[in-house]
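Work through the following exercises with the coordinates at hand. Each task is followed by a solution in steps.

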Amino acid sequence: LEWAAGRRDTLLTVQDHRSFCPSRGKWTLAGEPCREPMAPETCAACFEDEAYFGEILGLTERRLSAVRRMSGVTVLSRFMREELVKVGVDPTRVRVPCVRSFWRRPGRAVRRAPCCPPRKRTRWRICRTNWAGGAGWR
């Protein structure tokens with residue numbers, strides 16, 4: 001991850017909390033949802049073992065440091081985007097792709113998300129996301 005962060009034009013897909021939460025995926029030790037951004041003082045309460053906390057916090061901070069240097073970050077939900085922005089990732093670099101399912105039913109119009117142009121014979125589609133250089137994917 002650190003190697004990739006040092007290169008130009010890199011894209012990272014963040015699929016879980018490990019870049020912005022050292023604990024149980026934004027859940028506290030008491031089993032409540034955590035709404036706070038990552039900070040040593042806040043996160044310490046979610047661990048019973050202080051040595052393990054120090055180790056995993058350091059790892060999470062290194063991951064986050066690499067994420068902050070990426071040219072682009074793709075996340076799978078708006079929640080994950082908001083969490084990364086809360087911990088200092090540039091919001092212009094974090095994207096949530098438009099992923100929609102299209103099922104054609106006889107006699108019914110196909111509903112599409114505004115970001116997805118029409119396309120024949122498709123069930124799943126990841127629509128183009130416009131990055132700084134105009135590159136994208138379909």
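**Exercise 1. Determine how many aromatic pairs a search of the whole structure finds, and classify the pair of Phe20 and Phe79.**

Step 1. Rings of Phe, Tyr and Trp (its six-membered ring) pair if their centres lie within 6.5 Å; planes under 30 degrees apart count as stacked, over 60 as edge-to-face and the rest as tilted. Searching the whole structure on this basis gives three aromatic pairs.

Step 2. For Phe20 and Phe79 the ring centres are 6.5 Å apart and the planes stand at 75 degrees, so this pair is edge-to-face. Phe20 belongs to the loop between S1 and helix H2 (40-43) and Phe79 to helix H4, so the pair ties together parts 59 residues apart in sequence. Helices (H or I, at least four residues) and strands (E, at least two) are DSSP runs, numbered from the N terminus.

Step 3. Phe20 is buried at 2% relative accessible area, while Phe79, at 39%, is partly exposed. Buried means under 20% relative accessible area, exposed over 50%, partly exposed in between (1.4 Å probe, protein chains only).

The model is predicted: local features need pLDDT of at least 70, side-chain atom pairs count only at pLDDT 80 or more, and totals for chains, interfaces and linings use all residues. Residues are numbered from 1 along each chain as its sequence is written, and side-chain values use heavy atoms, with hydrogens and water left out.

**Exercise 2. Identify the buried residues of helix H4 and state what they pack against.**

Step 1. In H4 (residues 78-86), the buried residues are Met80, Glu83 and Leu84. Viewed down the helix axis they fall within an arc of 95 degrees (taken from the directions from the axis to the C-beta atoms), so they line one face of H4.

Step 2. Their packing partners are strand S1 (11-14), helix H3 (50-69) and strand S2 (72-75).

Step 3. Glu83 has 4% relative accessibility and therefore counts as buried. Leaving aside residues up to four places away in sequence, Glu83 touches Phe20 and Lys26, where contact means heavy atoms within 4.5 Å.
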